[in-house]
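Have the sequence and the 3D view open side by side for this one.

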Amino acid sequence: MNDDRALEQAAAWLAEGRGVALATVVKTWGSAPRPAGSQLAINDEGAFVGSVSGGCIEGVVAAEAREAIRDGKVRTLSFGVSNERAWEVGLACGGQIDVFVERIG
Amino acid sequence: MRPETLKALVAARAEGREIALATRLADGAERLIDLTVPPSDELGAKAVGAAVRDESGPVELQGETWFLNIFNPPVGLVIVGAVHIAQPLSRMAATMGWTVTVIDPRTAFASEARFPGVALSTEWPDEALQGIAVTSRTAVVTLTHDPKLDDPALRTALESRAFYIGALGSKKTHAARLERLEAAGFTPARLMAIHGPVGLAIGARTPAEIAVSILADIVRALRAAAR
């Protein structure tokens, strides 16, 4: 399930002294593109590795992650067809997902 | 997430250890759970159950939501027979993140030139298999068509915890193989575990297509165990 290198990349960024956040799919409904446990590592420059969707919401998640790197607060983001913002960013599959975002460190 | 938690997760993944991370969603409190030892509490027990299903997800505990992220080691694929089909099969399995080993005592077949970057063993298949950690996340596929090589591998695989055992060969070849294995002492019920002829029936013709059919069959078995 965790077949990408998000954690390893997060550790590498941390070792370089960068600010790093981790986003994890914690709940899915319907035809969500990636299963729970899928992860995206984001650094303080907005670069990211891994995925939490088929590419639909990574941009928004990365922006929230940079916010988390600044304020250190955890947050759970919801995306789905019923969600106005998801409509904007386009979770086109019609699924719904919750994404937990946390700073590392 | 604490940096030391991240380090522990990365180390566990590099070593192929089964581990789970529980995170309380309200505040990010976290706990690493070693899945190789008996669980010490309810959260640990839930993690062990989720690991068997290979399914990360949220759990409710005393009114709080914890997310259990399961880090199972990669699926292992052992290919017996460094034949043509083994070439695309080993490449595709590696793309899927699986750990691949190709066994063939015939060194002309099991060569680095034919399998660049693939773990090769030129031991006899039963000895080679005993040297590999065959777990409930390992699949064993025999491709040689040669009973001298396939049968020892199948006998060893049948005594292991491998979740998938497959053997290449026609229905006629497979019937003869089952007779030999039954004579060697395996019950017909146990022999049902062998997928033979190996692979999903998708009309595959080329070595790469046959590799796709084998991989699809293994994925089906892997996910069926989780359902």
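What follows is a short tour of charged pairs, strands and helices in chains A and B.

This is a predicted model, in which local features need pLDDT of at least 70, side-chain atom pairs count only at pLDDT 80 or more, and totals for chains, interfaces and linings use all residues. Residues are numbered from 1 along each chain as its sequence is written, chains are lettered from A and ligands numbered from 1 in the order in which they are written, and side-chain values use heavy atoms, with hydrogens and water left out.

**Salt bridges**

- Side chains of opposite charge can pair when their charged atoms come close.
- A salt bridge here is a side-chain nitrogen of Lys or Arg within 4 Å of a carboxyl oxygen of Asp or Glu, and over all chains the count comes to 20.
- Arg18(A) and Glu45(A) form one of them, with their closest N and O atoms 3.5 Å apart.
- Arg18(A) sits in the loop between helix H1 (6-15) and strand S1 (20-29) of chain A, and Glu45(A) in the loop between strand S2 (39-43) and strand S3 (48-50) of chain A, so the pair ties together parts 27 residues apart in sequence.
- Helices (H or I, at least four residues) and strands (E, at least two) are DSSP runs, numbered from the N terminus.
- Glu45(A) is exposed, at 56% relative accessible area, while Arg18(A) is partly exposed at 27%; buried means under 20%, exposed over 50%, and partly exposed in between (1.4 Å probe, protein chains only).
- In chain B, Arg53(B) and Glu55(B) form a salt bridge with closest N and O atoms 3.6 Å apart.

- Arg75(A) and Asp71(A) meet in a salt bridge at 2.6 Å, N to O; Arg75(A) counts as buried at 17% relative accessibility, and Asp71(A) as partly exposed at 34%.
- S4(A) pairs with strand S5 (residues 96-103) of chain A in the antiparallel sense over five bridges, and Arg75(A) stands opposite Val101(A); strands pair if DSSP finds at least two bridges between them.
- Helix H2 (residues 58-71) of chain A has several buried residues, among them Val61(A), Ala65(A) and Ile69(A).
- Just after H2(A), Gly72(A) takes a positive phi of about 75 degrees.

**The sheet of chain B**

- Six strands make an open, parallel sheet in the order S7-S6-S5-S8-S9-S10.
- Strands S7 (119-121) and S10 (194-195) of chain B stand at the edges with a single partner strand each, so one side of each is left without a neighbour in the sheet.
- Five bridges join the parallel strands S5 (residues 76-80) and S8 (residues 138-142) of chain B, and Val80(B) stands opposite Thr142(B).

- Where is Asp150(B) placed? Asp150(B) lies in helix H5 (residues 147-158) of chain B.
- Asp150(B) is buried yet has no salt bridge, and Arg177(B), the nearest side chain of opposite charge, is 4.1 Å away; Lys and Arg count as positive and Asp and Glu as negative, with His and the chain ends not counted.
- Not counting residues up to four places away in sequence, Asp150(B) touches residues including Val80(B), Thr142(B) and Arg177(B), where contact means heavy atoms within 4.5 Å.
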